[in-house]
Protein chains: 2
Amino acid sequence: MKFEVTILGSSSATPIFNRNPTSQALNINERLYLIDCAEGTQQQMLRFGIKSSRIEYIFISHLHGDHYLGLIGLLSSLHLNGRSKSITVFAPPHLKDIINLQLKYSETTLQYPIHYIDTNPNKVEIILSNQDVIVESIPLDHRIDCTGFLFKQKKRNRKLLKEKLEELKIPVEYYTALKKGVNYTANDGTVYKNDILTLDPEEPKSYAFCSDTIYNEQYFDQIKSVTLLYHESTFMHDMLDRAQTTFHTTSLQAATVALKVGAQKLLLGHFSARYKTLNELLDEAKTVFPNTELAIEGKTFVIGE
Amino acid sequence: MKFEVTILGSSSATPIFNRNPTSQALNINERLYLIDCAEGTQQQMLRFGIKSSRIEYIFISHLHGDHYLGLIGLLSSLHLNGRSKSITVFAPPHLKDIINLQLKYSETTLQYPIHYIDTNPNKVEIILSNQDVIVESIPLDHRIDCTGFLFKQKKRNRKLLKEKLEELKIPVEYYTALKKGVNYTANDGTVYKNDILTLDPEEPKSYAFCSDTIYNEQYFDQIKSVTLLYHESTFMHDMLDRAQTTFHTTSLQAATVALKVGAQKLLLGHFSARYKTLNELLDEAKTVFPNTELAIEGKTFVIGE
């Protein structure tokens, strides 16, 4: 099952040439989940071949402009391009007020419904559960209400050992039960244990999106053993004071989060415009957590690789 | 005196790769006037070397997203970059409601004042007059309230013929009066007519920004003999029906406007995403008005050349 994230933007608020503020496209089993939608996200999707018509869910972490200002444009374009399928937006409660005001004054009635699901910045909540994933909000600690998002693959069915089943002439109608772990009893009463007929499914993987937040252990338990951790690292650690006053994290701290929660891999993002190149941020994080990469725009990360 | 416009974006609402929706930077005597501010305008300014800190005035034609969605991001960045100087925004009345709501929910108090001047879509008004220009709103005819903007250079002083003045030993303290057209009377009573001491100043030039509008002669008188006419031309003339139902203009119609008002030059813009290349639009317009160019992003047009 496909589970991968494409970076559409990873700069922080102040714009810098050729770096876009936050947005990511998550592909889970060929369904598209957009996480944050900064100004310019539509252009980034065009650049990197992400079809906006395929978006089913949109997650907005908080109402600082560098995380949502591209949303109204995207919603309008979907309308202009004839979308009729509904879209679900998980966001702080007031986002809909802003969107509705903009639609009102442009005298636009969207041709498709938007379902707004309010996020709660104060507690962990399951905000979505479908055939593929469970999504939880992650209460973060930022200057304004802010949540991250944890995407956890659902446990898959057991994998059938087709050759073995054919050899034993097990009728196809039993396959669904076998996938669930049930033993097979043949007509002659012989019991075949499930574990000789099937293989364990892949371990469910998970993706945590943590932006923006000050270093705060409150969400560490929730993201324990996460497969891929995207964490903001706005500054280098020599700017810790600035990180703290602006409720951001340093790259050293982001690496400490990854280490402490036992993440498999760390992805750094939300870079301050002061860093024209990003290798220093990466090097600093690697001193604490070697399996770290930079959230470079256009790059796709397969979760679990 | 510098009087030139740099195109930052010239596409219409639906996004297209590598074409940005409407924004233009007008440089008048080294003061910066931003006209419309679509999503992505900040990136375009970075790309084309236009310093956003130098903007003094912002003009927003109407509240369709492809004309103003980049504004809140720009205003926020100016704040983050430490601006303290006020900025004046000429726009439909409700723009400030949208901006204020966005500032409220991001818990941001800008460090500099914004002066909002409401535009009136129903009549011509002088909305700005400074040392260099007079700016009038142009009532356009679009699906929602919309105004264009007419920038008219003020008449300059007469140009001193320095060599002649030195030859006649005219004291420097008379120069200001000479520039205004006053004759010079020497100590011996000889009167020197102003026109042998000075030259006529350059004819004042003008720039009309007309986007978005259906073809409607209501604003033709106002922009008569304009030096450079920017006019929307969303469609080719074979899409006249679509142009009319969406309150837009075809390239043939835009050329007809230029011809009828006696413009010196026409600049076409606001191109529909359906046109991957733009030469057909240009060719169509040239059949009616040969001195036409395309508003290509990054290109600077000197008004009067």
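The model is predicted: local features need pLDDT of at least 70 and side-chain atom pairs count only at pLDDT 80 or more, while totals for chains, interfaces and linings use all residues. Residues are numbered from 1 along each chain as its sequence is written, and chains are lettered from A and ligands numbered from 1 in the order in which they are written. The pLDDT, which is the predictor's confidence in each residue from 0 to 100, has a mean of 96 in chain A, where 100% of the residues reach 70 or more. For the model, ipTM is 0.88 and pTM is 0.91.

We can now look at the partners of S1. Two strands pair if DSSP finds at least two bridges between them. Strand S2 (residues 23–28) of chain A runs antiparallel to S1 and is joined to it by 6 bridges. Along this pairing, A:Val5 stands opposite A:Leu26, and A:Gly9 has A:Ser23 as its bridge partner. Strand S18 (residues 300–302) of chain A also pairs with S1 in the antiparallel sense, over 3 bridges; there, A:Glu4 faces A:Val302.

These strands belong to an open sheet of 7 strands in chain A, with mixed pairing and the order S6-S5-S4-S3-S2-S1-S18. At its edges are strand S6 (114–118) and S18, each pairing on one side only. On average, neighbouring strands of this sheet are turned by 20 degrees against each other, direction ignored.

Next comes the contact with chain B. In chain A, 31 residues are in contact with 31 residues of chain B, where contact means that the C-beta atoms, placed from the backbone, lie within 7 Å. Helix H1 (41–48), helix H3 (71–80) and helix H4 (95–105) of chain A each supply at least two residues of the side that touches chain B.

Finally, an automatic or database domain assignment divides chain A into domain 1 (3–156 + 202–302) and domain 2 (159–199).

Notes:
Helix = DSSP H or I, 4+ residues; strand = E, 2+ residues; numbered from the N terminus. Axes fitted to C-alpha atoms, helices over the stretch in contact; angles between N-to-C directions. Contact = placed C-beta atoms within 7 Å.
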